[in-house]
Amino acid sequence: MPANTRWEANPLEFHLAHPSQSTYTSSPLGMSPAKATTVKEALSKWEERSAQKASEATEIKLYDQNPPIEKMDASLFSLTNCEKLSLSSNCIEKIANLNALKKLKILSLGRNNIKVLTGLEVVSDTLEQLWISYNQVERLKGIQVMKKLRVLYMSNNLVKDWGEFMRLAELPSLEDLVFVGNPLEEKHSAEDTWMAEVSKRLPKLKKLDGMPIIKEEQEDGEADGR
């Protein structure tokens, strides 16, 4: 099974995988890089392969294009029925043109070149899961508008301080977070304080880095029941 097909079936594996497990192959040495695939071209190929109209589909998979997609262009405006959109394993630098996706619940953008989270505000009323691991996100400004976001997979980015991390406390629905591989997590995991520090700052969180969070009161209750 191709790697990305496996990861789409088991997204947590994708976001906890080793960084070297990328699937895009660059041009051989000495050759000019191929022209980027446009979203329009990727959608056309997807329609041929799936025998569906993109404008009617609820799930669109445009991951791992070769050559990769570099821009989320206006062709995305046609995806008015899309509930799950996968653009992972491309070379996208900016989140854009999601305005027409009024039904979007899951957005997969892992393994791109995204640095900021601006552009998500237009799907803040519907988005429940954001998969954005293996990017270059250092600041979380813009995430706080995602009031329905339950799942955030953003391992292996560049967040390094609690000030940025605490923007996640403004997400009232967040219950499942993958943050492994960020400098902040690496520092506190090395000190064996990561789980405790996050639990203290995000008391409503149920899972962290694939592991269930066991609250102190839960542990006390289990001890009393023995």
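**Entry 1: the sheet**

I started with strands β6 (residues 176-178) and β7 (residues 207-208), which pair in the parallel sense over two bridges. For pairing I used the rule that DSSP finds at least two bridges between the strands. Helices (H or I, at least four residues) and strands (E, at least two) are DSSP runs, numbered from the N terminus. Within this pair, L177 stands opposite L208 of β7.

A note on the source: this is a predicted model, where local features need pLDDT of at least 70, side-chain atom pairs count only at pLDDT 80 or more, and totals for chains, interfaces and linings use all residues. Residues are numbered from 1 along each chain as its sequence is written, and side-chain values use heavy atoms, with hydrogens and water left out.

Zooming out, I found an open sheet of eight strands with mixed pairing, in the order β1-β2-β3-β4-β5-β6-β7-β8. The edges are β1 (59-61) and β8 (211-212); each has a single partner strand, so one side of each lacks a neighbour in the sheet.

**Entry 2: aromatic rings**

I looked up ring pairs next, meaning Phe, Tyr and Trp (its six-membered ring) with centres within 6.5 Å; planes under 30 degrees apart are stacked, over 60 edge-to-face, the rest tilted. The count comes to six aromatic pairs. One of them is W162 with F165, edge-to-face at 5.1 Å centre to centre and 90 degrees between the planes. Both residues lie in helix α4 (residues 162-165), three residues apart, about one turn of the helix.

F165 also pairs edge-to-face with F179, at 5.2 Å centre to centre and 90 degrees between the planes. That pair links distant parts of the chain, as F179 lies in the loop between β6 and α5 (183-190), 14 residues from F165.

Buried or exposed, I wondered about F165? F165 counts as buried at 0% relative accessibility, and F179 is buried with a relative accessible area of 0%. My cut-offs were under 20% relative accessible area for buried, over 50% for exposed, and partly exposed in between (1.4 Å probe, protein chains only). Ring pairs link W162, F165, F179 and W194 into a cluster.

**Entry 3: R201**

I checked charges over rings (NZ of Lys or CZ of Arg within 6 Å of the ring centre and within 35 degrees of the ring normal). The charged end of R201 sits over the ring of W162, 3.8 Å from its centre.

R201 also meets E197 in a salt bridge (2.4 Å, N to O). I took a salt bridge as a side-chain nitrogen of Lys or Arg within 4 Å of a carboxyl oxygen of Asp or Glu. R201 and E197 both lie in helix α6, four residues apart. R201 is partly exposed at 24% relative accessibility, whereas E197 is buried at 18%. The structure holds eleven salt bridges.

**Entry 4: the core**

For a nonpolar core I took buried Ala, Val, Leu, Ile, Met, Phe, Trp, Tyr and Cys residues joined through side-chain atoms within 4.5 Å. The largest has 51 residues, and I60, L85, F165 and L168 have the most contacts inside it. Elements giving two or more residues to this core are α3 (39-50), α4 and α6 (194-201). The most comes from α3, with four residues.

Leaving aside neighbours within four places in sequence, L168 is in contact (heavy atoms within 4.5 Å) with L140, I143, L152, L174, L177, F179 and L202.
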